[in-house]
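Please read these notes with the structure open beside you.

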Amino acid sequence: MDRFRMILQYFQSNSESVMNGICGLLALASVKMYTCFDFSCPCLPWYNMAYGLGIMFIPPIALFLCSLILNRQSLVMLEEWRRPLGHRKKDLAVIRYMCSSIIQRAMVAPVVWIVVTLLDGKCLICAFSCSVDPEKFVGFANVSPVQVQQLLAKVPCKDDEFMRNNTSRKAVSRYLRCWSQALGWSILLILIVVAFLARWLRPCFNQATLLQARHWSNYIDIEQKIFEETCCEHSRLFAHKCILHFFESMRQEIKQHSFSLPGHGEEAEGEEDLLQGITDQEQVNKLLKIWYYEKPPLDVS
Amino acid sequence: MDKFRILFQFLQSNQESFMNGICGIMALASAQMYSAFDFNCPCLPGYNLVYGLGILLVPPFILFLLGFVMNNNVSVLAEEWRRPQGQRGKDPSVLRYMFCSMTQRAMIAPAVWVSVTLLDGKCITCAFCTSVPVETLGNASRRGLSQGEMKQVLARIPCKEIYEGQELVANEVAVRYLRCISQALGWCFVLLMTTLAFLVRSLRPCFTQAAFLKSRYWSHYIDIERKLFDETCAEHAKSFAKVCIQQFFEGMSTDLAAGHCHPPRKAPADVAEAAEKLLGVTDQGTMNTVLKSWHRCKPPLHLHPPALLSSNGWAGQKQPPVQPPVPQSKVTAYYSHV
């Protein structure tokens, strides 16, 4: 249990590791979804290709969009990109850095799905069973073209009455599976090599700019969080003051009608300071508008 | 169990993640409910469509309503919508924001049900088995059946044990066909939902960010204000009750001292405090009288100041008209410059 708590705390410790955590979870969810999904090839000439390729490519798109939605930093980046200039310049390098880091993380789950699909083989067998050259396989070599399409389309369905003990079906299936797994492993190898090179060669190019971009993107994220927390704190104090004033005015009304009741002590001076002079609706609205339209310059000297 | 508790604590760390937690739990519950549900296609021509579409569409509607019920903010929204204007104007954009965010969260569990149903395939197989294209999949001309009879035969596709149309169209072929269509619809639905969610989330910073910040602030404010008000009232009621009860006991003790001519016993110094706390009630008979009085003749909700009490005592005094200092509705005075 302690381990669980430590893991959760570790992932909450900073926004980078939160994003890595979400990325990992989505990758696991992607594998789980694939294993739970009941793949059933239609075994009909045109439907096979549509179904096979659909299952290989539509879920990755959905997973990619899901990663973008779940990742808080994508919103922060969009806000930074679209905000009016105000007193603070926009640094395109920072926005580019944030964008690339978001997209890299979002690509993990879709790639995991595609690789798992290829290594398993069912999708490719279903999609390309009709595109195989029938001359290579004994059972399909001397059949008329129309019939051969129908037969090849039934290859992915092991339990079909025509295909139950057909050795040519097994041959086609093995052939396609071999291609599928070769493709899967190659993609995996290429991606790992690219990631490795990118990580190792990055310090050779523009390391200083990278450090700056990373620092300021972190800063923007933290600033956003603290602004939200400060707003929450402010609204709590605002509400407290509002209610106290309400009670005070009720007390004053009662004072007018009956005996004087013992008054309460002075309100805490500290809370006046925390409200920082922002004490009505118009002022709060103005504050929020100015925060959006004219962010203050990055200069606290 | 421990893991559950830690997960709960993690999710409760702030309001947003609490609501997201509830969403996630409902989505999981929705998937679990589907797998626990025992689907039984009726295999009759008219009933199949009704049953299949019913299972596809009615539980999501129920889950959607449940999503609203389980959301604490529904009553806040309703209160804010129905309150009289008073001295505080109503902002429709705040109401819209609250409603939109509740609706978005309530849509997740129904979307999960519909996706899982479509990806599983049983509902669509049951609902549309009579619409299978027999010409392409099988041999329509073989048996020379009328429309009605063909529909009867096709309606039994989901029920393999009683299906007699094997030479018309093979059962596995039809089931595979319908399943393929169902799964394609399912994945398209999932893609559509994620695209919509993505668009809703990403278009907001491009167009309405300033208005969004305002609405979010004031909707949080309304929620916090309500909670703080309840807390303040509870604190007030506690102090009120303490003083009220104290005065009651003091009144009873004065009464009993006057009635029975019992001088208050002089307690030694070290137990003086305890005796003070007993407020003059020191034996069973007295206590019973006190309790009976409390039940039959509760004091009015009016805290007279201490000066008045010492001069007039309790019994027989005509109380001033009861005016509960408990806070009234929002229509009455708000402090104007807040």
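1. Buried means under 20% relative accessible area, exposed over 50%, and partly exposed in between (1.4 Å probe, protein chains only). By that rule A:Cys157 is buried, at 8% relative accessibility, and A:Cys43 is buried too, at 3%.

2. This is a predicted model, in which local features need pLDDT of at least 70, side-chain atom pairs count only at pLDDT 80 or more, and totals for chains, interfaces and linings use all residues. Residues are numbered from 1 along each chain as its sequence is written, chains are lettered from A and ligands numbered from 1 in the order in which they are written, and side-chain values use heavy atoms, without hydrogens and water.

3. A disulfide is a pair of cysteine sulfur atoms within 2.5 Å. How many disulfides are there over all chains? The count is four.

4. A:Cys43 and A:Cys157 form one of them, with an S to S distance of 1.6 Å. The torsion about their S-S bond is about 95 degrees, so this disulfide is right-handed. The two cysteines are 114 residues apart.

5. In chain B, the sulfur atoms of B:Cys41 and B:Cys126 are 1.9 Å apart and form a disulfide. B:Cys43 and B:Cys159 form another, at 1.7 Å. In sequence order, the bonded cysteines of chain B pair 1-3, 2-4.

6. B:Cys129 is buried, at 0% relative accessibility.

Methods
Helices (H or I, at least four residues) and strands (E, at least two) are DSSP runs, numbered from the N terminus.
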